[in-house]
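Hi everyone, thanks for coming. Let's have the structure up on the screen, and then I'll walk you through a few spots in it.

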Amino acid sequence: MTTERYIEESNQVYDAIVIGSGITGGWAAKEFCEKGLQTLMIERGRVVEHRQDYITEGKGPWEFENRTKVDNLLIKEQYQVQKKCYAFSDMTKHFFGNDRDLPYTTEQGTGFDWIRANQLGGKSLLWHRQSYRLSDYDFNANKADGHGNDWPIRHDDLDTWYSYVETFAGISGAAENMPQLPDSEFLPPFEMTAPELYIKKFIEQEYPDRKMIMGRTAHLTEPTALHIAQGRVKCQTRNECQKGCSFGAYFSTQSSTLPAAAKTGNLSIAPNSVVHSLIYDEKSKKVTGVRVVDNDNLSTREYYAKVVFLCASTLGSTQIMLNSKSPSFPNGIANSSGVLGHYLMDHNYNAGAIGTVEGFDDRYYSGRRPSGIMIPNFQYKPSLYKKDYVRGYAFSGGSHRESWNNGSHQPGIGSDYKDSLTRPGHWRFNLQAQGEMLPRYENAMSLHASKTDKWGIPLIHVNCTWSENEKLMMADAQQTAFEMLTKAGLKDVTSFNSVETRNPGLAIHEVGTARMGLDPKTSVLNSFNQCHDVPNLFVPDGSSFCSSAVQNPSLTFMALTVRAVDYCVKEMKAQRI
Amino acid sequence: MLKKPFTNNNHNPHAHVNEHEGYRGVGMTNNLNNQDNQQDLSIEQQNRRLFMGKMVGLFGLTTATAVLAGCSVPMAMQYKNRSGLPDRPLFSEQEMTTLADIGATILPRTDTPSATELDCHGFVQHQLVHCHKPAQQQQSIDIINKIDEHSEKHFAKPFSLLSPLQQQQLLIDLEQQTNFSVQDSQGFAFLKALIVFGYFTSEVGATQALNYQAVPGDFVGSIPIDENTKGAGSQAYY
């Protein structure tokens, strides 16, 4: 079945090099390969084969020595940052980066939690799979209120590309016809629970500006022939996705784009290849290839291509660019504007509320839904902004019945107590804010002046904080969530706000640092994710974002990437690249 | 679905001492281990069969076999956790005995095994050593001794020799802070939660006391239930 070609040394000049194998890299490789270009995908980490390397899949909690918890000592020595990710456990830790080997620094008095997944497939194996389009209100937000630079594109520019990736990847959801959240090409949505249907009805009556919809997620609820041809089948609702899924039921590089790319016979993969920097030719003013340090033995090698796509993640791609210095670009390749590394953003997931729903104790659910509900941003344009801050937030959330986890903290001794633990408990429903983070010049990453990692690459140094705008937004979101649940009749409603204690980074939606823009003086990339300064270098991943919006960004990474490849190949054919 | 009666009628667990480990409590599970192994194997086979069945149904036999030939599932299903063998014993023999009886009092044998029969005390020791802080380890040692001290003071014998009713009442008093301090009840609450965690993440706890669904197949948002419906034994995150 496998037709990927793994290579180590090669003097071949490829048509295209794709650095990275996550969501963006997988799509770039697939598109190049299907257009007939000889493509080299470079991955810094190990190979993860679909199915056979999902080493924890199918295991019950009792099959883990610590019952899914990670050993103290291991965390202390190797996973001090990764442990903060909700999906980090003994079942998934092998797909997370190792903090000991992958150090970075943060400015004194600030913190940034950088979650890594350095292996073939990258974070596509671990992602939360929520998939939403950005709307024209999102693309217009910077222009409308003056924060950040204007996106050089609008929804129309991405519309057909969104449709293209949605059809192939498989996005479940329902059409809602909301101006702030364009519909996708949908597979059937997952069902709501009984309390969710009640709360939806209540909220939509009580708050005419709000709608509660089923989360849109990259799961095959009803696979099409296109998905079955990829070797993927229907989602079995295990919701253990981060262990890897042999059913291929959620979109990942391994389940979807990689087999498609491999099938063409045009794909080569260089694993264990840590990209040090890009090779720039002063005469042709183009990149000619990449310098690589071997992940294991630290030997160096080079790979060559006509075009290079940087898909190494937001911080990863920008690190490579900053470290690619030449007489023309002493401060990093394609950085004539000086904005490379700046305008770093994440999402602000730091407020919410939870309460008990009464009246549905004779109802339960069956299966583990790998998705939740969503209340799309209802402050999506300046006329809808609150008085004391700009932009808005969405709420994600959902309901569940409490179980023994909760019961283990309740009083009780003996057989009645034991029996109560085996029964479904109270219905609980929660809302969590997904707040927009403003693009600010001060929030930046740079290369450390002296420290390097074991591959000899300067460490990333991050200086990123929540601004007053984000703090005010979370205070409001906390209050709003509390009010909505209380009005809906929930009991024991509690709310939280962790913006003062949780670092940026943990939404794992880091974007910005190599932003797009119409003006080469204030942006790194043009409207096709092509470097203003270097025509054969493209950066279609999250670093290209001009604003964070509130939507989970991966679907937009996909659409930007396939559009950029299409443009790039046309430019190559026209011999402008 | 995977239900199989737990059979251990031939053994009185308290009659056995594990020579290798040198203390009761953990050792008593040795006999249970044999029982466990047979039972685990059976459930494992069923799980694997279920997983295989799903794969075959969805991919066809040839593909499913090819997929699983190089797949982790056979290996995964073979792995056995024997949590009762700590590499760094935390509890003394006496403390382990008391802890075992605390477990059997909180979660006694009903139509499913007790916490002690599932080696939750062995699990607690393992988990404290590997996944908890020294302060939590000490707190657990302290509360076990506090329970014995209390028992000696009020009944002139250790907790393990009290009647089941006396044991239950003592732990209820502890939870309600009757003749116990707030700190005592907090220490106990932590230990109790760990025992419960150990119970329901064990194979028997998840598949017999609860309704474990390795591969649910579909999500249905609303189904009717009655008072006999078991909770889901499988969770996305523990």
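Let's start with the face of helix 6 of chain B that points away from its buried side: the exposed residues there are B:P134, B:A135, B:E149, B:E152 and B:K153. Helices are DSSP runs of H or I with at least four residues, strands are E runs of at least two, and both are numbered from the N terminus.

Before I go on, please remember that this is a predicted model, where local features need pLDDT of at least 70, side-chain atom pairs count only at pLDDT 80 or more, and totals for chains, interfaces and linings use all residues. Residues are numbered from 1 along each chain as its sequence is written, and chains are lettered from A and ligands numbered from 1 in the order in which they are written.

Now, which residues of helix 6 of chain B are buried? They are B:Q139, B:S140, B:I143, B:I144, B:I147 and B:S151. These sit on the same side of helix 6 of chain B because they cover an arc of only 135 degrees around the axis, the arc being that of the directions from the helix axis to the C-beta atoms. Their cover includes helix 4 (93-106), helix 5 (120-131), helix 7 (164-175) and helix 8 (182-200) of chain B. Contact, by the way, requires C-beta atoms, placed from the backbone, within 7 Å.

Over to chain A and A:C241, in the loop between helix 6 (225-229) and helix 7 (253-263) of chain A. Is A:C241 buried or exposed? Buried, because 24 other C-beta atoms lie within 10 Å. Leaving out residues up to four places away in sequence, A:C241 touches A:R129, A:Y250 and A:P370. A:R129 is 112 residues from A:C241 along the chain, yet their C-alpha atoms are 9.3 Å apart.

Last stop, where the chains meet: 57 residues from chain A and 56 residues from chain B make up the contact. On the chain A side, strand 13 (363-366) and helix 10 (415-421) each supply at least two residues. Strand 13 of chain A runs antiparallel to strand 1 (residues 220-224) of chain B, joined by three bridges; strands pair if DSSP finds at least two bridges between them. There, A:Y364 has B:I223 as its bridge partner.

How values were computed
Contact = placed C-beta atoms within 7 Å. Buried ≥ 20, exposed ≤ 12 C-beta atoms within 10 Å, placed from the backbone.
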